[in-house]
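Morning, everyone. Please take a look at the chain on the screen, and then we'll walk through it.

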Amino acid sequence: MALEQHACSRGFALVAGVDEAGRGPLAGPVVAAAVILPEGLRIPGVDDSKKLSPETRERLFDVIQSQALAIGVGMGSPELIDRINILQATRHAMLEAVSALSPLPDFILIDGITPIDSVIPQQTVKKGDSLSLSIAAASIIAKVTRDRLMRELDAVHPGYGFAGHKGYGSAAHLAAIRRLGPSPVHRLSFGGVKEHVPCPSS
């Protein structure tokens with residue numbers, strides 16, 4: 001909590017950590033989360049979500065939900081990603097997540113190097129999900145939320161295996177795209193998908 005404590009020493013009272021999940025997949029949305037934790041809170045085991053097992057993430061998701069002062073979630077749809085690119089869609093999702101917080105934070109810690117279009121003071125933090133408890137908590141909320149959504153999309157769009165690979169470009173996923181063509185939730189601008197988008201009829 002050193003980054004959070006430093007912000008508090010500068011007079012900020014509500015510090016939100018922000019992170020995303022799903023920048024790399026070929027299908028599904030990018031999901032961002034923003035989390036405000038009580039000052040002094042410790043949650044053993046919280047870390048960058050990519051370092052945790054699915055079972056640990058699910059358990060910590062419930063702990064964070066029960067102990068956070070506020071949690072916000074935002075999404076960038078596949079259509080938005082194709083229209084404005086994945087970086088801008090991620091920034092959109094992060095801003096949406098912050099805007100969904102109640103109460104709103106007065107300072108934001110963002111994983112990565114790209115700020116968002118918010119009037120709230122902010123700090124970007126490279127590898128922030130390993131350096132800030134709030135950002136790590138946000139990474140878990142974003143990852144679990146997205147994984148659950150991809151399992152739901154697997155039932156709506158069977159045959160692609162979304163429940164297993166969560167939209168990432170596994171060999172089985174790429175083979176399914178070649179066999180079935182892209183689904184309505186694929187990112188049509190991404191390599192591995194765009195090659196199989198039907199040409200519009202003349």
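First, a term: helices (H or I, at least four residues) and strands (E, at least two) are DSSP runs, numbered from the N terminus. Along the sequence, the protein chain reads α-β-β-α-β-α-α-β-β-α-α-α. That gives seven helices and five strands.

Two notes on where this comes from. This is a predicted model, where local features need pLDDT of at least 70 and side-chain atom pairs count only at pLDDT 80 or more, while totals for chains, interfaces and linings use all residues. Residues are numbered from 1 along each chain as its sequence is written, and side-chain values use heavy atoms, leaving out hydrogens and water.

Now the overall shape. The radius of gyration is taken over C-alpha atoms, and the globule rule is 2.2 Å times the number of residues to the power 0.38. For 202 residues, a compact globule would have a radius near 17 Å, and the protein chain has 18 Å, which agrees. The C-alpha atoms fill a box of roughly 60 × 35 × 25 Å along the principal axes.

How much of the chain is buried? Buried means under 20% relative accessible area, exposed means over 50%, and partly exposed is in between (1.4 Å probe, protein chains only). Buried residues make up 49% of the 202.

Next, salt bridges. A salt bridge is a side-chain nitrogen of Lys or Arg within 4 Å of a carboxyl oxygen of Asp or Glu. The count comes to six. I'll show you some of them.

Start with D129 and K50. Their side chains meet at 3.4 Å, N to O. The pair links distant parts of the chain, 79 residues apart. D129 sits in the loop between β5 (122–125) and α5 (133–156), and K50 in the loop between β2 (30–36) and α2 (54–67). D129 is buried, at 6% relative accessible area. K50 is exposed, at 67%.

Next, R148 and E58. This salt bridge is 2.7 Å, N to O. R148 lies in helix α5 and E58 in helix α2, so the pair ties together parts 90 residues apart in sequence. R148 is partly exposed, at 30%. E58 is partly exposed too, at 23%.

Last, D147 and K143, at 3.3 Å, N to O. Both lie in helix α5, four residues apart, about one turn of the helix. D147 is buried, at 7%. K143 is buried as well, at 17%. Salt bridges that share partners join R57, K143 and D147 into one network.
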